[in-house]
Amino acid sequence: MSIIINETEIPASAPLSEEGLARLLSVITESLDEDKAENIVVLDLTGRAGFAERMVIASGLSERQISAMAQHLERRLKEENLARPQIEGDQGSDWVLMDAGDVVVHLFMPESRELYALERMWGGDFEAAAEEIAVE
């Protein structure tokens with residue numbers, strides 16, 4: 001399978017092994033913890049989403065901290081040869097999205113995290129909501 005972007009064919013990367021995924025998650029959560037991220041949550045998306053296996057959500061206290069966390073994490077993933085993440089919103093935003101392949105990382109200001117409520121959307125309530133929709 002491959003992806004076509006601007007008429008250029010790019011081979012799709014193979015999913016990581018369980019060990020590779022665990023290592024990727026470990027590097028991500030350690031980097032965020034070292035940068036004093038708050039409320040780090042890892043959600044298992046297996047069977048729920050086709051875009052990733054895991055979602056990491058964390059909060060920062062300022063736009064500058066969120067941007068620095070994203071830059072540090074990007075550098076660390078490249079140094080470890082784990083991923084070359086795509087980043088959106090790292091230039092002074094209250095929400096930064098990092099796509100590291102099998103893991104997506106959302107870095108939020110607390111107010112934005114509460115507003116978008118990704119934990120509710122993709123967390124344990126996701127299954128309950130899906131069951132309710134299936135019953136109706």
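Begin with the hairpin of S6 and S7, which has three residues between the strands; select Gly-101 in the turn, where phi is positive, at about 85°. Helices (H or I, at least four residues) and strands (E, at least two) are DSSP runs, numbered from the N terminus.

Before going further, note that this is a predicted model, in which local features need pLDDT of at least 70 and side-chain atom pairs count only at pLDDT 80 or more, while totals for chains, interfaces and linings use all residues. Residues are numbered from 1 along each chain as its sequence is written, and side-chain values use heavy atoms, with hydrogens and water left out.

Select residues 103-108, strand S7, which pairs with S6 in the antiparallel sense over five bridges; two strands pair if DSSP finds at least two bridges between them. Display Val-96 and look across to Leu-107, its bridge partner in S7.

Next, select S6 itself, residues 95-99. Val-96 and Met-98 make up its covered face, whereas Trp-95, Leu-97 and Asp-99 lie on the uncovered one.

Move to strand S5, residues 86-88, which runs antiparallel to S6 and is joined to it by three bridges. Gln-86 is found opposite Asp-99 of S6. Six residues separate the strands of this hairpin, and Gly-89 has a positive phi near 85°.

Now show five strands together: they form an open sheet in the order S3-S4-S7-S6-S5, with mixed pairing. Why is one side of S3 and of S5 left without a neighbour in the sheet? Each stands at an edge and has a single partner strand, so one side remains without a neighbour. On average, neighbouring strands of the sheet are turned by 15° against each other, direction ignored; the axes used for such angles are lines fitted to C-alpha atoms, for helices over the stretch in contact, and angles run from 0 to 180 degrees between N-to-C directions.

Val-42 has Val-56 of S4 as its bridge partner.

**A loop residue**

Select Lys-36, in the loop between helix H1 (18-34) and strand S3 (38-44). Is Lys-36 buried or exposed? Lys-36 counts as exposed because its relative accessibility is 62%; buried means under 20% relative accessible area, exposed over 50%, and partly exposed in between (1.4 Å probe, protein chains only). The C-alpha of Lys-36 lies 9.3 Å from that of Leu-61, although 25 residues separate the two in sequence.

**Aromatic rings**

Rings of Phe, Tyr and Trp (its six-membered ring) pair if their centres lie within 6.5 Å; planes under 30 degrees apart count as stacked, over 60 as edge-to-face and the rest as tilted. The count of aromatic pairs is four. One of them is Phe-51 with Trp-122, an edge-to-face pair at 5.6 Å centre to centre and 85° between the planes. This pair links distant parts of the chain, 71 residues apart: Phe-51 is in the loop between S3 and S4, Trp-122 in helix H4. Phe-51 counts as partly exposed at 43% relative accessibility, and Trp-122 as buried at 16%. Then select Trp-95, Phe-108 and Tyr-116, which form one aromatic cluster.

**Confidence**

Finally, colour by pLDDT, the predictor's confidence in each residue, from 0 to 100. The chain averages 83, and 79% of the residues score at least 70. Confidence is lowest in strand S1 (residues 2-5), at a mean of 38, and highest in S7, at 97. Residues 128-136 stay under 50, with zero contacts beyond four places in sequence; contact means heavy atoms within 4.5 Å. Where pLDDT is low, the predicted coordinates should not be read in detail.
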